[in-house]
Amino acid sequence: DYSLNVLVSDLEAVADRLELDKFVLMGSYRSGPAAVSYAGSHPERVSKLMLWCTWANGVTHMRTPGAAVFDRIFDQDWAIVTRTIASQSVGSEVAAIPWITNYIREATSQEAYMAAFVATSGHDVTSLLDQVECPTLILARKDSDGSVISDARQLASGIPDAKIAILTGDSNWPFLGNTDEVIAVIDDFLGEGKPTAIQRAASFPEGMAVILFLDIAGSTALTTKLGDAAYREKERELDAALRAAI
């Protein structure tokens, strides 16, 4: 059973067994919605949340050509399926294809993978995003396939005060590509890294602050053209994009 409720129950069981009072939770790819749901329903236990190359709505994510192609290959030979998954997920890190392929084959069966894929593709935690109270970091790689960047921005616009980091590279695996960048961003979020040159240069004399004012040119005409709901959605997208740039 790979339903969202069961995956959240799995998280609860592990946290209880390890007697974790408060901990950092990281959800990556298809485990992201379960991590969001757990963090929203257990604010007393999750100190910080990190989301890697994941999404809030699996149905929307699966509408992209890169994701939808898997629906058409699952009835093929398992060797073909696993190599296709590996090739799609590593991006330009092609040297990793053989061992990622073997990793998938050793970790699961074709039937189990298909069942998990179908179930998690239907997970939707959009309505739960605003229930996440803990500091949240959303990570994505800017050249990844499909809707990874737009998915990240949707998460950032829905989770209060979330931070978004768009990293270099195109692999869906955090341990491939520019791993130093990944580690530095995570260390900074967790407060465990050394101050970077940019952070040191950005320190101001006591009492100083930077205030950034923004305006949308022609907002009245744009609201009339798009309608209130569509315009607000564009505003949220802009906020997420600006947050990433800043």
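**Salt bridges**

I searched the whole structure and found three salt bridges (a side-chain nitrogen of Lys or Arg within 4 Å of a carboxyl oxygen of Asp or Glu). The model is predicted: local features need pLDDT of at least 70, side-chain atom pairs count only at pLDDT 80 or more, and totals for chains, interfaces and linings use all residues. Residues are numbered from 1 along each chain as its sequence is written, and side-chain values use heavy atoms, without hydrogens and water.

I looked up arginine 45 and found a salt bridge to aspartate 16, with the closest N and O atoms 2.6 Å apart. The two sit 29 residues apart, arginine 45 in the loop between helix H2 (32-41) and E2, aspartate 16 in helix H1 (residues 4-17). Helices (H or I, at least four residues) and strands (E, at least two) are DSSP runs, numbered from the N terminus. Arginine 45 is buried, at 14% relative accessible area, whereas aspartate 16 is partly exposed, at 47%. Buried is under 20%, exposed over 50%, partly exposed in between (1.4 Å probe, protein chains only).

In helix H12 (residues 228-245), glutamate 233 and arginine 236 are three residues apart, about one helical turn. Their side chains meet in a salt bridge at 2.9 Å, N to O.

**Sheet**

I then traced an open sheet of four strands, in the order E1-E2-E3-E4, with parallel pairing. Strands pair if DSSP finds at least two bridges between them. The edge strands are E1 (23-28) and E4 (163-167), each pairing on one side only. E2 (residues 46-52) and E3 (residues 136-141) pair over four bridges. I noted threonine 136 in E3 as the bridge partner of leucine 49.
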